[in-house]
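Subject: Structure handover and notes

Dear colleague,

I am passing on the structure we discussed, with notes on what was found in it. Please look through the model alongside the text.

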Amino acid sequence: MNPIFETATLAHTAVTSQPGSGANSVLTDADFSSAFEEISQWPGYAPTTLHQLPTLSRTLGVGQIFYKDEGTRFGLGSFKALGGAYAALKILQRELSSAAGRTVPMAEIRNGSMAKQAGGITLVSATDGNHGRSLAWGANNFGAQCRIYIHREVSTSRANAIAELGAEVIRVNGDYDMSVHEARREANENGWFAVSDTSWEGYTEPPKNVMSGYGVMIDELAQQMPQAPTHLFIQGGVGGLAAAVSARLRQHYGNAFRAVVVEPELAACLLASASSGAPTAVPIHEETLMAGLSCGEPSALAWQILQHEVSDFMSIPESLVAPTMRLLAKPVGNDPAIVGGESAVCGMAGMIASCRQPTLRSALNLNADSKVLFIGSEGATDPDIYASLVA
Ligand SMILES: Cc1ncc(COP(=O)(O)O)c(C=O)c1O
């Protein structure tokens with residue numbers, strides 16, 4: 001194995017968590033179940049694969065490694081397909097119901113019978129790629145207009161993938177957080193509806209629905225993995241993914257597992273929040289390779305869950321990204337070959353390095369009985385970047 005995992009410097013903060021006490025605070029069983037019921041009826045729906053990596057587990061001295069591969073989700077390349085499109089549908093349902101003076105069932109919007117009315121509604125969001133693609137796809141499916149704001153570093157290939165779904169793409173000359181503010185400002189000025197994956201004061205319903213949609217992964221997992229994991233290593237951007245996954249895992253499996261959030265050191269706002277005890281923004285001085293995780297401001301809504309459900313926050317250097325992608329792409333032994341994009345491998349990079357560094361290994365209680373779960377949150381969402389990193 002690449003010696004970089006032994007020598008890389010990782011930051012780690014352990015907090016006194018209260019597993020279980022945040023799991024139902026923001027997202028209830030009913031929120032997650034309704035999202036599953038709806039999304040599992042969408043055309044093209046299929047549960048994603050849960051891989052096992054026995055050779056890598058043996059190499060690292062842990063019991064089992066499970067990797068839920070979201071690269072195939074609805075043909076959009078990432079788990080984000082579950083969130084933005086579902087939140088869009090909920091906004092359309094609310095607005096169309098209010099205009100029609102009756103509760104419009106989601107099925108009517110889903111099957112296109114409200115497309116004409118939906119065409120008068122514009123949905124907007126900022127994105128570093130994947131969320132915007134999900135929203136553009138949802139808007140396209142349901143007949144709504146869509147505007148997606150991207151920051152200056154979003155790759156052309158990611159921008160094109162969004163435009164191909166019919167959305168208007170607006171490039172903002174700033175970082176991700178600036179694109180969030182711009183989308184919000186223009187939405188307010190024009191009567192458009194923001195469908196954001198992050199919350200702000202007075203704005204919680206869409207990000208809550210986005211997170212409810214993410215729960216689909218764990219409802220599938222509960223069928224695929226009868227035994228609880230002992231560890232979840234999950235990558236963090238604004239924290240919505242980690243919050244939804246840890247909350248729904250607790251609802252299914254109870255308090256047995258330890259949740260570890262892993263971020264790029266260039267954008268470690270959740271680690272900073274854990275250290276200060278409250279949602280804390282960090283400046284982005286340089287964009288991380290892990291484009292989906294390049295967020296300097298945590299989602300306050302997600303933090304309400306994370307502060308109770310997550311016991312460890314860590315950050316990794318950029319140097320671990322490509323070696324981890326290659327390890328998945330060209331596995332040892334009989335492990336399956338997996339296409340894991342830059343942002344998808346962050347949790348695994350943190351776990352591998354922790355296994356190779358005795359102090360972290362013991363701090364995180366990683367041992368031969370550990371059953372470690374990863375959410376492989378994207379495939380090759382930018383095929384050129386993927387190919388160059390894996391080469
Ligand atoms: C592939 C991928 N993984 C993980 C994340 C992190 O999700 P969140 O911002 O909800 O923490 C993102 C966010 O865009 C992403 O695109």
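Predicted model: local features only at pLDDT ≥ 70, side-chain atom pairs only at ≥ 80, totals over all residues.

Residues are numbered from 1 along each chain as its sequence is written, and side-chain values use heavy atoms, with hydrogens and water left out.

The protein chain is divided into domain 1 (4–78 + 211–390) and domain 2 (84–196), with bounds that come from an automatic or database domain assignment. The centres of the two domains, taken over C-alpha atoms, are 26 Å apart. In contact terms (heavy atoms within 4.5 Å), 27 residues of domain 1 meet 21 residues of domain 2.

Between them, domain 1 and domain 2 bury about 2,000 Å², of which 53% is on carbon and sulfur atoms; buried area here is the accessible area (1.4 Å probe) that two parts lose on being put together, summed over both. Of the area that domain 1 buries against domain 2, Glu38, Trp42 and Leu76 supply 30%, more than any other three residues.

Across this interface the rule finds 2 salt bridges, each defined as a side-chain nitrogen of Lys or Arg within 4 Å of a carboxyl oxygen of Asp or Glu. A salt bridge also joins the side chains of Arg158 and Glu342, at 3.1 Å from N to O.

Turning to the ligand, 16 residues surround it, and the closest are Asn130, Gly237, Val238, Gly239 and Ser377, where a residue counts as near if one of its heavy atoms lies within 4 Å. A polar side-chain atom of Asn130 lies 2.8 Å from an oxygen atom of the ligand, and a backbone N or O atom of Gly240 is placed 3.0 Å from a ligand oxygen atom. For Ser377, an N or O atom in the side chain is 2.7 Å from a nitrogen atom of the ligand.

Best regards

Key: Polar contact = N/O pair within 3.5 Å; in protein donor to acceptor, adjacent residues only side chain to side chain.
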